[in-house]
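Thanks for passing this one along.

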Amino acid sequence: MTSDPADPSEPTSPEGQALQPRRFMHLRWDLDKTYLRTEFDTVKDLIKTFRQKAEDKVAVAGASALLRALLDPRERSHRRVTFISGSPRQMRKVLTAKLALDGVEPDMFILKPNLENLLRGRFRAIRGQVGYKLKALLLSHMAAEHVDEYLFGDDAEQDAFIYSVYADILAGRVDAVALAAILSTCKVYRGDVDEIMAYHRQLFGSGEVVRRIFIHLERRSPLDRFAAYGARVVAIYNYFQGAAVLFEAGALEPRGLLAVTEAMESDGYTPERLANSLQDLMRRGVLHFATIERMSRELAAAESTMGRPVPRFLHAFEDAIGSLENLQRPGPRWESEINYLGIYHEARFRRQQHRFLGIRLLD
Amino acid sequence: MAHIVLDSCAGRDGGREALEAAAIASLQLDHQITVVGDESDITAALQKIAHDAERLRVAHARDRCEPDMDAAEVLRQAPRNSVVVGLEIAARDPSAVFVSAGAPGLVVAGAQQILGRIPGVPNAALAAVYPTLRPHGPVSDLFALLLDVGATVECSGDDLVTFAAMGAAYAGKISRIDRPRVALLCNGHGISNAPARAREAHRRLLAAKPAFEYVGCIRADSVTSGDADVIVTDGFSGDVLLRTLEGVAATGESLLRRAAEKFQWRVGVQMLSDGISAIREFTDWENYGGAPLLGFDRAVMVTQADSGRRAFLNAIRLGAKIDRLQVIAGISAGVAEFHGLGAPPASPPDPEAP
């Protein structure tokens, strides 16, 4: 962990003239299946993951490039990254080493006290994520006036649910009664409930700080599973899609977008796969045609430095959106009221169908 | 990596199962998949289905073809239908395989307008596989090839010999048969009573020294024996024969269902259920993956109008295999050799290739 960020409210130019307050950006990342390609579906996978060395761990294509681009040294003083992972604390050394190998230096790295949970007989807390992650998010909330938070999770756990509850606590949409009902339904331990409720009292209604929640579709879950969360949650198949959305939001510079594109291509992504990914965002109304045109221009301008991949990508891209040029798809709505209990029970029912009736989770 | 172009406007459930097959293929196979149809309908349906958007693209087809329209009418009144749009995409990409459950007449007419013809092929042939009693080739393929089954109803002798060359080249690639046995479908009285086109084809095939083995005429009651790897006929007779085989299989199914009327019969059927399931699996057309339309410079797969998810998936797999084994180039070479046209021109290099 590092110290709290500097006060961002009054930045000044070298000449001492007052500047417009720059917005702080706080990036919150999950680790397994979001940043790292991790398998933990079986005990064997778990043991393998636990024994892996830092150099054997592999990041999801484009994840480290995106994170490095967002943490550009020129912007670093106004950007902060927190990792909140369900991995045990005993893995801190190897995970920190892996992030260092990728050139990522987190400001805060929160890991789960699994051994403590085990020794105290808190078995539900070993598998459960709601109490742990919600508490960690609230604990590491950066109390800056002008802050934008971008959260990154995956579809293997309950990240969309937890992140949205967190965002709505800050936005003042999940009050104490609603939060208590959610925590009770999720069977969060009493001690964790008390702590979360204490944070809720401090932070409730802090502001609309969570701009986007990116859910990496590691399991390729159907998109409509995230529709109830509204436009704030963006399900992404890869980090090129995440970079495109951040580019549209003005949170990522063109050079960052380029770096992610390059990283994806060196990871084996063909121009067709990248073009398909953009077409998907456009059809879902997440990305607008004007943004895509701007992206194409920026990428074309970089042609001379990139060599062949960019023109190939642009060619594939023209092919992908050519027939959809006049498409004016309204984007997903921003939900002002999310039925968290309904979402929770629906997900639970789906898991039970899978467990007892053998109905595939992806159907 | 093949580029599968799938028409999602036809098939079971109004094409919904075609879309589901595309979604499954995007998750299971490493191919580029383009789904053609109404973009907004497809996007809305895809929200509910697990798929991999990295491998799946949507191409919008503005017009929808009505099932009761004939091919010429569709091409006139709905020019931007999914078959035309899909074939146009396929025409631009040498690795494309077009898969459709649309009316075979429309697919053939569209392909004739949009795709290039293999040199030496005057008319296209729709090839269907059917199960036989004897295995074929080194991989013991239990299926033989029958062509044409409906693409060219009025055939000449020249068409039939070209079909023989195409069918042999296809079987050589797909079933890995060095010298496929090719037969002409005839009636019960031998070649002397066959129509003029069949007599001409018979004469030319006997006189030629082809890369395949011409085994002469075969009667309809022997097609399932497995004596020939490829059976050649005109589109009309081929369609009749194929439908008859399917009808016999369907009759067998309904007879089995009637066995439920009596308790003893039901017990008997139950005791044979494993064997019956195996036969059902063997004769189920959805397992065959559709019929390749041969004669064009792109792979085209035509599946039955009521194709479900499994049929489309198998058609996609077969289409990808056709691309991987370069079957179209093999057919082109086979036809050129048979007609003495010399080596077919090599396909132009991809200008975008690194």
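The points below begin with confidence and then take the domain contacts chain by chain.

1. Please keep in mind that this is a predicted model. Chain A has an average pLDDT of 85, and 89% of its residues score at least 70. Within chain A, S6(A) has the highest confidence, at 97, while helix H14 (residues 303-306) has the lowest, at a mean of 56.

2. How is chain A divided? The assignment gives domain 1 (23-237) and domain 2 (253-325). Twelve residues of domain 1 and eleven residues of domain 2 take part in the contact between them. The centres of these two domains of chain A, taken over C-alpha atoms, are 28 Å apart.

3. Between domain 1 and domain 2 of chain A, about 940 Å² is buried, with 57% of that area coming from carbon and sulfur atoms. Two salt bridges cross this interface. A salt bridge also joins the side chains of A:Arg255 and A:Asp72, with an N to O distance of 3.1 Å.

4. On the domain 1 side of that chain A contact, helix H2 (63-70) and strand S6 (233-236) are the elements that give two or more residues. H2(A) gives the most, with three residues. By class, this side has eight nonpolar, one polar and three charged residues.

5. Turning to chain B, domain 1 is assigned as 1-121 + 295-327 + 341-348 and domain 2 as 125-287. The contact draws on 20 residues from domain 1 and 13 residues from domain 2. Their centres over C-alpha atoms lie 25 Å apart.

6. The two domains of chain B bury about 1400 Å² between them, and carbon and sulfur atoms give 56% of this. In domain 1, the residues that lose the most area to domain 2 are B:Gln304, B:Arg310 and B:Val327, together 34% of what that side buries.

7. What crosses the chain B domain interface in polar contact? There are two residue pairs, both at pLDDT 80 or more. Salt bridges there number zero. On the domain 1 side, helix H5 (104-114) and helix H11 (309-324) each supply at least two residues, and H11(B) gives the most, with six residues. That side divides into nine nonpolar, seven polar and four charged residues.

Key: Residues numbered from 1 in each chain as written. Chains lettered and ligands numbered in written order. Heavy atoms only, no water. Domains from an automatic or database assignment. Contact = heavy atoms within 4.5 Å. Buried area = accessible area lost by both parts, 1.4 Å probe. Salt bridge = Lys/Arg side-chain N within 4 Å of Asp/Glu carboxyl O. Helix = DSSP H or I, 4+ residues; strand = E, 2+ residues; numbered from the N terminus. Nonpolar A, V, L, I, M, F, W, Y, C, P; charged D, E, K, R; others polar. pLDDT = per-residue confidence, 0-100. Polar contact = N/O pair within 3.5 Å; in protein donor to acceptor, adjacent residues only side chain to side chain.
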